[in-house]
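Here are some notes for a colleague who is meeting this structure for the first time. Please read them with the sequence and the model side by side.

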Amino acid sequence: FILLPLSDKGLPENMEEKIDILEKIYDKAMGYGLSHEDIIVDGLVSPGTTSLLYDGFKDFICSVAMPQ
């Protein structure tokens, strides 16, 4: 299962929003019987400028390093 940090609003605007979305979807997936090993997080890096690329990379690393 590939977990994408997307909501009905689209891409999250900041890291806190991204983590909130990831946690909600992760919990829902676990409720359907998936295990931690069944889930792959895709951080959705959305570069537009060099700054956004760097921020996106930082966000991606933080989302991958989420506590288990």
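1. Read along the sequence, the chain follows the pattern β-α-β-α, which comes to two helices and two strands; helices (H or I, at least four residues) and strands (E, at least two) are DSSP runs, numbered from the N terminus. This is a predicted model, in which local features need pLDDT of at least 70 and side-chain atom pairs count only at pLDDT 80 or more, while totals for chains, interfaces and linings use all residues. Residues are numbered from 1 along each chain as its sequence is written, and side-chain values use heavy atoms, with hydrogens and water left out.

2. The structure holds one salt bridge, a term that stands for a side-chain nitrogen of Lys or Arg within 4 Å of a carboxyl oxygen of Asp or Glu. Its partners are the side chains of Lys-24 and Asp-20, at 3.2 Å from N to O, and both residues lie in helix H1 (residues 15-31), four residues apart, about one turn of the helix. Lys-24 is exposed, with a relative accessible area of 55%, whereas Asp-20 counts as partly exposed at 35%; buried means under 20%, exposed over 50%, and partly exposed in between (1.4 Å probe, protein chains only).

3. Of the 68 residues in the chain, 21% are buried. Among the contacts (heavy atoms within 4.5 Å) with a separation of 6 or more, 51% come from residues 24 or more positions apart.

4. Ile-40, found in strand S2 (residues 40-41), is exposed, with a relative accessible area of 53%.
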